[in-house]
Structures are given as C-alpha cells and as structure tokens.
Amino acid sequence: MLKKKQFAHAGLRKLALKGDVDGVPAGDADRAKRVIAALNIAATPAELDFAGQGFRAKGKKTVTYAVALKTGARITFNWDKAGLANIDLEGG
C-alpha cells in the first residue's frame, strides 16, 4: 500500500490516495492511474519493465526509475532497501 510520505508530487499523491486526478495533466490521467496501480503492487522495479511502458533506469549510486506518459512527462521514483520512495511527475 502506497503511503503519503512516498510521494514528492502532490498531484500523484492525491491520485494514489484519493483517486483524484486534479494535479495530473489531463492527457496523462489514465496512464498515470495504471502506473500508480502497478507501483502499488510491484515487489521490484523490474515488474514495471514491460513493452510499451517506456521504462528506464538511470544513475549508479542512487538509481532513479522512470515510466513514460503520453504527453512526454514521466513518473519517476527511487527504489532502495527501504522500498519505494520519491514518486514524482517530471517534464511534459
């Protein structure tokens, strides 16, 4: 279950915790819902790496993962020993 403190982006936090799409670009709302749902059940970041998701990882010390959205924006997040953190919406 995703928690409030895991989110860096207020719009994604509202989407995950309340189902409210306010704060997420309209063209990305449906896909953002699917990504958040996948993050909620994933046990590892690799579970989000499937065709059509635009999944990528960057960094060596702190790895940041990204999943592309339709408008060119992306949902980014970190995953370490403590789990999922810093869920953010970038670009677009």
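The questions and answers below cover the fold, the core and the ring pairs.

Analyst: This is a predicted model: local features need pLDDT of at least 70, side-chain atom pairs count only at pLDDT 80 or more, and totals for chains, interfaces and linings use all residues. Residues are numbered from 1 along each chain as its sequence is written, and side-chain values use heavy atoms, without hydrogens and water.

User: What is the strand order in the open sheet of 4 strands?

Analyst: Strands are DSSP runs of E with at least two residues, helices runs of H or I with at least four, numbered from the N terminus. Two strands pair if DSSP finds at least two bridges between them. The edge strands, β1 (56-58) and β4 (83-90), each pair on one side only. Pairing is antiparallel, and the order is β1-β2-β3-β4.

User: Which residue in β2 is the bridge partner of R56?

Analyst: β1 and β2 (residues 64-68) run antiparallel, joined by 3 bridges. In β2, the bridge partner of R56 is A66.

User: What angle does the direction of helix α2 make with that of β3?

Analyst: Axes are lines fitted to C-alpha atoms, for helices over the stretch in contact, and angles run from 0 to 180 degrees between N-to-C directions. Contact means heavy atoms within 4.5 Å. Helix α2 (residues 29-41) packs on the sheet and touches β2, β3 (74-80) and β4; the angle with β3 is about 10°.

User: Is N78 buried or exposed?

Analyst: N78 is found in strand β3. Buried means under 20% relative accessible area, exposed over 50%, partly exposed in between (1.4 Å probe, protein chains only). At 12% relative accessibility, N78 is therefore buried.

User: Why does the pair of Y65 and F77 count as stacked?

Analyst: Rings of Phe, Tyr and Trp (its six-membered ring) pair if their centres lie within 6.5 Å; planes under 30 degrees apart are stacked, over 60 edge-to-face, the rest tilted. The centres of Y65 and F77 are 5.5 Å apart, and the pair is stacked because the planes are at 20°.

User: Which residues form the one aromatic cluster?

Analyst: F55 also stacks with Y65, with centres 5.8 Å apart. The count comes to 3 aromatic pairs. The one cluster is formed by F55, Y65, F77 and W79.
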